Amino acid sequence: MRLWRSVAVPRPGEYVADPTEGVTRVEDLPKPRIVRRSRNYRRRRCPRGGRNAYRLRRVERTLHDLGDPVSGRPCDLHVTYSQHRCPRCDVHFNADMDDLALPKCHYTHRVVALAVRLVVEDGLPYRAASWHLWRDHRVFVPFATVQNWVEAGGEKGGSLRRRRLPR
Ligand SMILES: [Zn+2]
């Protein structure tokens, strides 16, 4: 019995603290896995005039995605994208990457959607949602950011809540 007890394999239902619990230094947290994505094109259609616009430069943007709960590591997308200028309309624009994230957002759609669901569907307070995102999905989102997302999606959240009510 003693021998069996000494094996450090958690039994079902046993409480095991998250290994990062109490970690206060960012450099002690697991390093993110980097996934590269490209939205880099020589030419893109101008959103205003519809003509081809050549690439002006290449830029990189980091998006935090859902991490890997098996290895415990976060996951960052490094998106290389092109910026274009249409000389005819004199507009600057970026290659389209709306499938990955909203403009200026540091997180992928998947992270935002999950965070909002945790609050709207599961009724978690913002701080608890933030901790859940880190503990179970290895993505660090400050609770104020979760709050901003939920409040920005007020309309959608409302309809979601109505749809879930049993009639
Ligand atoms: Zn144009």
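Which residue just after H3 takes a positive phi? Arg-138 does, with a phi of about 50°. You are looking at a predicted model, where local features need pLDDT of at least 70, side-chain atom pairs count only at pLDDT 80 or more, and totals for chains, interfaces and linings use all residues. Residues are numbered from 1 along each chain as its sequence is written, and side-chain values use heavy atoms, with hydrogens and water left out.

- Cys-46, in the loop between strand E2 (43-45) and strand E3 (52-68), is linked with Cys-89, in the loop between strand E4 (73-86) and strand E5 (91-94), 43 residues apart.
- Strands (E, at least two residues) and helices (H or I, at least four) are DSSP runs, numbered from the N terminus.
- Cys-46 is buried at 3% relative accessible area, whereas Cys-89 is partly exposed at 24%.
- Buried means under 20% relative accessible area, exposed over 50%, and partly exposed in between (1.4 Å probe, protein chains only).

**Helix H3**
- Helix H3 covers residues 126-137, and its buried residues are Ala-129, Ser-130, His-132, Leu-133 and Trp-134.
- These buried residues pack against E4, helix H2 (109-120) and helix H4 (143-152).

**Confidence**
- The chain has a mean pLDDT (the predictor's confidence in each residue, from 0 to 100) of 88, and 86% of its residues reach 70 or more.

Definitions and conventions: Expected span 1.5 Å × (residues − 1). Contact = heavy atoms within 4.5 Å.
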